[in-house]
Structure formats: C-alpha cells, structure tokens
Amino acid sequence: MSDATSEVRTRALELGVAELRVEAHEHRATTAAIFEVLKDLRTEMTGLRTEMTGLRTEMTDLRTEMTDLRTEMTDLRTEVKTEIAELRTEMRTEIDGLRTEMRTEIDGLRTEMRIEISSIRTDVSELREDLGTVKRSVGNLELSMKRVEGDVAELKAGHLELRNLVAGMIR
C-alpha cells in the first residue's frame, strides 16, 4: 500500500512540476511581450523627441522671422521719415495712408504670430501630456515586470521545494 501511495504522490508531484513548467513558459511569453511593448514605447518616445526638436526648430525660425520683420519695420520707418522730410507738404495725406496700412499689416502679422505661437504652445502642451502618458505607461510596465519577476522567483522556489520533496520521497 505504501508503494502505491508513493507512486500516486510521485505522479502528483510530477504533474505539479509540469504545471509549474507551463506557467514558467507563460511568464516568459508575458515577459517577452512586455519587452516588445517597452521597445515600442521607446520608439514612440524617440519620435516624440524628434517632433519636439522640429518644433524647437520652427520656433527658432519664427524668432528669426520676427527679427527680420523688426529690421524691415525699422528700415521702412527710416524710409518713411526720409520721404516725409523731402516731401512734407506734398505727401502728408499719402504718408498718413501708408502709416495706416503699415499698422494694419503689422497688426495682422502680430495676430498671425500670436496664433502661430498659441498653436505651437498647444502642440507642446499636447506633447507634454503624451510624454506624461508614456512615462506612466513605462512605470506601469516596470511594475508589471517586477510582479512577473516575483512570480518567476516564487515558481523557482516552488520548483526547488518540489524537487527536494521528490528527492526525499525517493530516498
């Protein structure tokens, strides 16, 4: 009767070891999938960084354009003042018209620049939100990895305990 009991226990232990092997294989597959997701997240972060670099370049270009516009405005003012000095009496009405037109154009450019800057700020804000989401996802994945590693450690410990139990029963 003890031989039959030992054999039943041995088979039960062998089944337990087989189940642990299957679970270990599943955990490996889960770990591989997590690493793939991490790789995709890293790729996405690289893309976001590239987009941010592009936005910074656009902002620099806009600043350069603003400087050029200011230089042009200064040059136009100098020209206008020179013309006023030469044609003060004849051109007073025309110069007033030009001033009004310039102000309207400058206001239009300022409005356009404000809209562009607002759009860029919105894009940067969205990128920051996306980056925050990515960081949270990475944190969640790291927690999941720690849990999986803990499960694997528990599986290894259980496997060792089963091996010792089987070895003790065989003796």
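**View 1. Buried residues in the predicted model.** Of the 171 residues in the protein, 17% are buried, where buried means under 20% relative accessible area, exposed means over 50%, and partly exposed lies in between, with a 1.4 Å probe and protein chains only. This is a predicted model, in which local features need pLDDT of at least 70 and side-chain atom pairs count only at pLDDT 80 or more, while totals for chains, interfaces and linings use all residues. Residues are numbered from 1 along each chain as its sequence is written, and side-chain values use heavy atoms, with hydrogens and water left out.

**View 2. The helix and the overall extent.** The protein contains 1 helix and 0 strands, these being DSSP runs of H or I with at least four residues for helices and of E with at least two for strands, numbered from the N terminus. The C-alpha trace spans about 130 × 15 × 15 Å along its principal axes.

View 3. The largest nonpolar core has 12 residues, including Ile34, Leu55, Leu127 and Val148. Apart from this core lies another, of 6 residues, among them Leu13, Val17, Ala24 and Leu155. A nonpolar core is a set of buried Ala, Val, Leu, Ile, Met, Phe, Trp, Tyr and Cys residues joined through side-chain atoms within 4.5 Å.

View 4. His27 lies in helix H1, which covers residues 2-170, and His27 counts as buried because its relative accessible area is 19%. Leaving aside neighbours within four places in sequence, His27 is in contact (heavy atoms within 4.5 Å) with Val148, Asp151, Val152 and Leu155.
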